[in-house]
Amino acid sequence: MSRLRRMSPRRSYDQYCSAARALDVVGDRWTLLIVRELLAGPRRYTDLHADLPGVSTDVLASRLKDMERDGLATRRRLPPPGAAFVYELTGRGRELLAVLQALGEWGQGELGERRPTDAVRAHWFALPLLRALEGESAVVEVHLEEGDFHLFVGAGEGPVYGDGPAPAEPDARLVLDTATCTSLAQGELTLRDAVRAGRVQVSGEGALAKGLREA
């Protein structure tokens with residue numbers, strides 16, 4: 001019997017409603033946050049576990065199996081010399097980007113002050129910055145105190161962000177502090193207002209960088 005067939009049946013609300021059906025698939029705790037991590041492209045199990053502080057190994061493994069079963073993610077082995085297994089989103093899984101963006105926008109007012117127990121990763125600011133750059137098409141490198149990441153703004157497929165510097169010369173580089181990034185995530189500040197206020201340093205020769213500098 002295959003690994004997927006050994007899994008327990010998916011729980012259901014048993015309601016003939018598209019919202020209920022969607023929650024049957026993604027309503028379990030941690031599932032949408034796993035999607036957030038996989039929006040960066042293929043990730044190893046150990047990397048996912050490191051960037052999802054608080055999740056147990058058993059729950060993470062169970063959620064990933066559920067996501068495979070439900071057609072949201074796939075598991076494959078990298079070719080040598082990597083030879084590690086990675087998880088990545090399917091096309092249907094990537095469609096959840098819009099869901100996460102809407103959820104993030106709705107939750108702006110819930111963010112509030114960072115609590116002493118709150119973990120943070122630099123790339124968790126990727127989705128709020130993507131919202132701030134909606135309508136653009138560019139590769140953007142972002143430098144924060146917590147670390148660097150890059151965005152593929154307007155990408156129709158593939159990863160939407162990644163850790164570290166951009167793989168090639170970006171259209172724009174943004175340098176900002178966490179307080180400014182938090183204000184952007186909370187909807188208190190627009191990116192162009194932050195640039196005008198001197199809270200974001202912009203460099204690069206792409207159209208986006210020039211447009212931001214002229215804002």
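Predicted model: local features only at pLDDT ≥ 70, side-chain atom pairs only at ≥ 80, totals over all residues.
**Reading strands, helices and salt bridges**

User: Which strands pair with β6, and in what sense?

Analyst: β3 pairs with β6 in the parallel sense, over four bridges. β7 (residues 200–203) is joined to β6 by four bridges too, but these two run antiparallel. If you want landmarks, find His143 opposite Val175 in β6, then Leu174 opposite Val202 in β7.

User: Okay, helices next. Which residues of α6 are buried?

Analyst: The background first: an α-helix has 3.6 residues a turn, so residues three or four places apart point the same way. Now the case here. In α6 (residues 96–106), the buried ones are Leu96, Leu97, Leu100 and Gln101. Looking down the axis of α6, you'd find its buried residues within an arc of 145°, so they line one face of the helix.

User: What sits on the face of α6 turned away from the buried side?

Analyst: That face carries Ala98, Glu105 and Trp106, which are exposed.

User: And what covers the buried residues of α6?

Analyst: The cover includes α1 (18–26), α2 (31–38), α5 (91–94) and α8 (126–132).

User: Let's do salt bridges. How many are there?

Analyst: With a side-chain nitrogen of Lys or Arg within 4 Å of a carboxyl oxygen of Asp or Glu as the rule, the count comes to 15 salt bridges. For each one, check the distance, the burial and where the partners sit. Take Glu141 and Arg173: their closest N and O atoms are 3.0 Å apart. The pair links distant parts of the chain, with Glu141 in strand β3 and Arg173 in strand β6, 32 residues apart. Glu141 is buried at 5% relative accessibility, whereas Arg173 is partly exposed at 25%.

User: Where do Glu136 and Arg192 lie?

Analyst: Their side chains meet in a salt bridge, 3.3 Å from N to O. Glu136 lies in the loop between α8 and β3 and Arg192 in helix α10 (residues 191–196), so the pair ties together parts that are 56 residues apart in sequence. Glu136 is partly exposed at 27%, and Arg192 is partly exposed at 31%.

User: Are Glu95 and Arg92 buried or exposed?

Analyst: Glu95 is exposed, with a relative accessible area of 52%. Arg92 is exposed as well, at 56%. These two form a salt bridge, with the closest N and O atoms 3.9 Å apart.

User: Zooming out, how many helices and strands does the chain have?

Analyst: The chain has eleven helices and seven strands. Its radius of gyration is 19 Å, close to the 17 Å the globule rule gives for 215 residues, so the chain is as compact as a globular protein of that length. The C-alpha trace spans about 60 × 45 × 35 Å along its principal axes.

User: What share of the residues is buried?

Analyst: Of the 215 residues, 40% count as buried. As for the surface, the chain exposes about 12100 Å², and carbon and sulfur atoms supply 51% of that.

Conventions
Residues numbered from 1 in each chain as written. Heavy atoms only, no water. Buried < 20%, exposed > 50% of the residue type's maximum accessible area, 1.4 Å probe, protein only. Arc of directions from axis to C-beta. Contact = heavy atoms within 4.5 Å. Rg over C-alpha atoms; globule rule 2.2 N^0.38 Å. Areas by Shrake-Rupley, 256 points an atom, 1.4 Å probe, with all protein chains shown as cover. Pairing = 2+ DSSP bridges.
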